[in-house]
Amino acid sequence: MSVIRVVIADDSQVARDVLRDILSRDDDIEIVGEAANGREAVELAKRLAPHLITMDLNMPVMDGLTAIEEIMYSKGVPILVVSDRSDAQTAYQALEVGALEVMPKPTLEGADAERLLERVRLLSGVAVITRLRRRGLAPTPSPPIATFAVTPRGVPRNFKHVVAIACSTGGPQALVRVLRRLPSGFPAPIVIAQHISHGFIDGMAQWLASLCTMPVSVGQEGERLRPGHIYLSPSERDLCVSSRHRFQLQPSPECSLYHPCCDVLLHSVAEVYGSDAIGIILTGMGRDGVNGMRAIHRAGGTTFAQDEASSVIYGMNQEAVKAGVIQYELPLDSLPDRLLRDVHGCMDSRPEPLA
């Protein structure tokens with residue numbers, strides 16, 4: 001295996017020392033440069049051609065967000081944002097301009113140190129593309145769509161379908177491309193389990209809300225699902241829905257590898273909504289979400305997977321396709337129109353499902 005060349009960008013010498021100490025534990029990782037500000041990071045990216053850059057956001061001379069944009073504009077390099085939780089909303093703006101993932105600054109020992117090594121190994125192999133500079137794009141306006149009342153067995157609800165989405169690495173960027181094209185009157189709740197580091201979910205919600213026409217929030221215990229709303233699962237507990245169309249938060253199993261757990265959310269949606277459930281599994285590493293998609297498929301719901309070409313990591317979605325629980329594997333940019341058609345029951349032009 002070839003050595004992974006890494007540049008560390010952080011204005012704190014202590015933080016750089018910690019990152020260097022952790023990354024140097026792996027013989028396959030070489031620290032080829034260190035930057036104390038964003039301008040130095042841009043210059044090192046050009047001169048050293050690293051396989052990955054760890055990027056702090058709050059730095060002098062040039063901040064990390066601007067540095068990421070400059071690097072991605074000149075020659076794309078995989079970038080892992082490693083920053084304070086207080087920078088959570090800015091961290092997700094960094095994903096918008098090209099960074100692959102965000103995580104908190106680790107300590108020398110513990111789960112965060114191991115996660116840093118895991119993320120560097122994984123993300124250094126991701127092919128990224130050079131990007132255009134940001135423009136102030138507003139979400140595409142769409143005419144409002146009227147919601148309608150449905151009264152199935154049990155507790156009445158004012159929506160028919162529920163859309164449940166599972167995602168991990170590359171998920172925030174994928175979510176933006178799908179959700180910003182849905183109108184404010186979208187006639188179904190959208191519930192999302194995105195693997196995320198503790199302390200960053202509120203920043204992600206604020207970031208998504210700034211880009212989407214629908215309101216975005218973190219699901220709360222006892223909160224009633226409403227159509228035209230996007231709900232994120234917190235990382236500290238697992239989100240699920242009850243037969244009364246309200247959220248429940250349950251403790252994550254101690255042995256759980258992923259936070260939050262996609263399978264927990266998808267299973268509950270399958271159990272409560274059956275054939276009215278729409279499950280989507282997007283880019284990400286591992287198998288979380290596969291069993292939940294299987295539950296939706298068995299309940300008679302509709303299942304989608306993001307295709308390989310549009311995925312940052314063709315992992316979770318690939319495993320779901322291999323398991324035979326996906327009906328439709330689509331490019332990311334095709335999903336919004338399909339969702340709009342499905343929630344309105346306009347299926348005349350539906351393609352053939354996967355064999």
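## Cysteines and disulfides

A disulfide is taken here as a pair of cysteine sulfur atoms within 2.5 Å. By that criterion, the structure holds 0 disulfides. For Cys-167, the closest cysteine sulfur belongs to Cys-262 and is 6.5 Å away, which is too far for a bond.

Cys-167 is buried, with a relative accessibility of 0%, and Cys-212 is likewise buried, at a relative accessible area of 8%. The term buried means under 20% relative accessible area, exposed means over 50%, and partly exposed lies in between (1.4 Å probe, protein chains only).

## Basis of the model

The model is predicted, so that local features need pLDDT of at least 70 and side-chain atom pairs count only at pLDDT 80 or more, while totals for chains, interfaces and linings use all residues. Residues are numbered from 1 along each chain as its sequence is written, and side-chain values use heavy atoms, with hydrogens and water left out.

## A cis peptide bond

The peptide bond from His-259 to Pro-260 is cis, with omega near -10 degrees. Pro-260 is placed in the loop between β11 (247-251) and α8 (262-273), where helices (H or I, at least four residues) and strands (E, at least two) are DSSP runs numbered from the N terminus.

## Positive phi outside glycine

Val-61, although not a glycine, has a positive phi of about 65 degrees; Val-61 is found in the loop between β3 (52-55) and α3 (64-74) and counts as exposed at 73% relative accessibility.

His-245, also a residue other than glycine, has a positive phi near 65 degrees. The loop between β10 (237-241) and β11 contains His-245, which is buried at 4% relative accessibility.
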